[in-house]
Amino acid sequence: DITVLVDENATYPEQVWYTIAAFLFIVGCFQWGSFTPRLRRGGTATTNDIQYKFSLRRIPLAIINFYRVVAFRWTLEIGQSYTLNVAEVFVTVAYIALLLIYAFINTTSVEGQKLDVTYWCNRIAMLASSQFPIVTALGTKNNLVSLVTGISYDRLNYIHRMMARTCFMLLCIHAVGEVISSPYGASLRAGIIAIAAFLVIIIVSLRPVRTGAYEVFFYIHFLGIGIFLVGGYYHTKDAYGSYWIWPSFVIWAFDRFIRMIRLVVFNHSYFGFKSGTGTMDATTELLSENVVRLRLRRPPHFHWCPGQTAYLIMPSVSTLPFEAHPFTIASFDPSFPSTAETEDQSGSGENHGTQELVFLINVHGGFTKKLKEVAAAKGQAKVFVDGPYGPSSDLSSYDTSIFVAGGSGISYTLPVFLSVIEHGKSSCKRVVFIWSIRRTEHVQWIDEALIKAVQLAPPSLTVFIRIFDTGALSMSQSTEEDSSRSVPTEKSGTPEQDVANGSLTSSKLLLLRGVKMENGRANLDALLKEEISMASGSMSVSVCGSQGIARTVRHALRFPVSGPSSILSGGPSVTLHVESFGYA
């Protein structure tokens, strides 16, 4: 009986690993397959020749869209700021069920006692310990899971937290069993220290703490993980379970080594440490009360794709010199491969992009609050850049692209929007850019880029820019806002009224065809449904903003708008890309 028990404690964690590996492989196949342009397109219909005819050949596309809506647009909304989609709920429930099943099967003793503590106590700890390597990997920036599945590390962060909390639950059950069945000794003391550290980590990783005091979370998380793993190693050493613990140190060290190499190579070679010319200096500018723009010279060999992020290390601003904070790169790389053909033809490709790395940073507390103080004094800061990280959405194969941003969310949507316009071989026929701002003068953040985008757009591409000033809604306008803001128009706005406090450049922007500024909130539901009614083929919707904006867009793109009946009848196949503010 003891031999069987020991064998089960060893084989069951391995079987869990095989199950997870198989699941990741399947997810990887679907994820990489979704990058195929053929799967994105909605048949032969285009926006120039809309055909709404029922076709059985569109059944595979209808199934794909049904899966997208159910898995990623049906959500479980908790409070005002927390949302889980069906895919995340399914993975969570399936993972917890998998571990609990393996923990409590075959736990009847030879005497017939069911759920014998001797059987499940150590086994449940071994199952939890076996998950530490993958939990650690999911918390790093350079990990094998992202490589296999094609899902970026930031999107996997929810899975990292969910798995960690599940392991904590299993360890609490194990602790109860240990207290019941094991004498108090050195091994038990190490286990108590480890689980106490784990409890602190769980508390500081809760969303209110992460968003309200990120630096506190960062420091305690860093220190607590070390205490937990060391304590866990010594606790499991006598039970021959420590071989599940030490790989976590290796995985964490490997990620740090890769990031250190990138820091040394990029910043030493590209930012001119030897010459001491101060090319590491970044200029700061306070654009508004809550937004700081940070600029630094683009290193000659530093390249990124639209929508990617970079980690910034600013020793003179942060509390600790090695703090790294992620921000989306708001500028467009002039050497982005997709623009090569356009640049060669025009002869002035450098003017299409920028020689700077630009970041639009939301001010909260801690690090960003200190950065705001530097920007208020129009100071400079030394910056180390680590990156780029994250995927970039290739929208060149879509017939219609819609971008929705709120405030500094244009850090993500603007470079992707520019990439669609600059793409030499893009099949896109229509682009709609929707931006909600709180004050009219915020248009000046990106007005020059938008003017260039409209002017450089090829004749085959129709560009519409809709800007909504949510802070300028007057009492006289409020009764008419629902009807006035939901009808798209190609007419330009009135610069004298819409940008009374704006710049001359902003006035020029509103004089361009297809550009309009309106007062009040954007009726995203009506805008999106109207665009879908006019489109066919394939459509992408890219969103970056508050949870409220993301929720509204998800709701608008559910059934029947993206349902099987719409797809089978020739409606567009809609793909949704969502980037959210803050830490997930």
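Which residue stands opposite Leu296 in strand 7? The residue is Leu357; here strands (E, at least two residues) and helices (H or I, at least four) are DSSP runs numbered from the N terminus. This is a predicted model, in which local features need pLDDT of at least 70 and side-chain atom pairs count only at pLDDT 80 or more, while totals for chains, interfaces and linings use all residues. Residues are numbered from 1 along each chain as its sequence is written, and side-chain values use heavy atoms, with hydrogens and water left out.

**Strands 4 and 7**

- Strand 4 (residues 291–297) pairs with strand 7 in the antiparallel sense over seven bridges; two strands pair if DSSP finds at least two bridges between them.
- Strand 7 covers residues 356–362, and five of its seven residues are buried (under 20% relative accessible area, with exposed over 50% and partly exposed in between; 1.4 Å probe, protein chains only).

**The sheet 6-5-9**

- Three strands in the order 6-5-9 form an open sheet with antiparallel pairing.
- Strand 6 (325–328) and strand 9 (384–389) each have a single partner strand, so one side of each is left without a neighbour in the sheet.
- Neighbouring strands of this sheet are turned by 30° against each other on average, direction ignored (axes are lines fitted to C-alpha atoms, for helices over the stretch in contact, and angles run from 0 to 180 degrees between N-to-C directions).
- Strand 5 (residues 309–313) is joined to strand 6 by four bridges, and Thr309 stands opposite Thr328 in strand 6.

**The nonpolar core**

- The largest nonpolar core has 40 residues, and those with the most contacts inside it are Ile410, Phe417, Phe433 and Ile465 (a core is a set of buried Ala, Val, Leu, Ile, Met, Phe, Trp, Tyr and Cys residues joined through side-chain atoms within 4.5 Å).
- Elements that give two or more residues to this core include strand 10 (400–406), strand 11 (430–437), helix 16 (447–456) and strand 12 (462–469).
- Helix 15 gives the largest share of this core, eight residues.
- In soluble globular proteins, nonpolar side chains tend to be buried together.

**The nonpolar surface patch**

- Val230, Tyr234, Tyr243, Trp246, Phe249 and Val250 make a nonpolar surface patch of about 590 Å².
- Patch residues have over 30% relative accessible area and no salt bridge, with like charges joined within 9 Å and nonpolar side chains (Val, Leu, Ile, Met, Phe, Trp, Tyr) within 5 Å.
- A salt bridge is a side-chain nitrogen of Lys or Arg within 4 Å of a carboxyl oxygen of Asp or Glu.
- Accessible areas come from the Shrake-Rupley method with a 1.4 Å probe; for residues, only the protein chains shown count as cover.
- Helix 12 supplies the largest share of the patch, three residues.
- Tyr234 lies in helix 11 and is partly exposed, with a relative accessible area of 49%.
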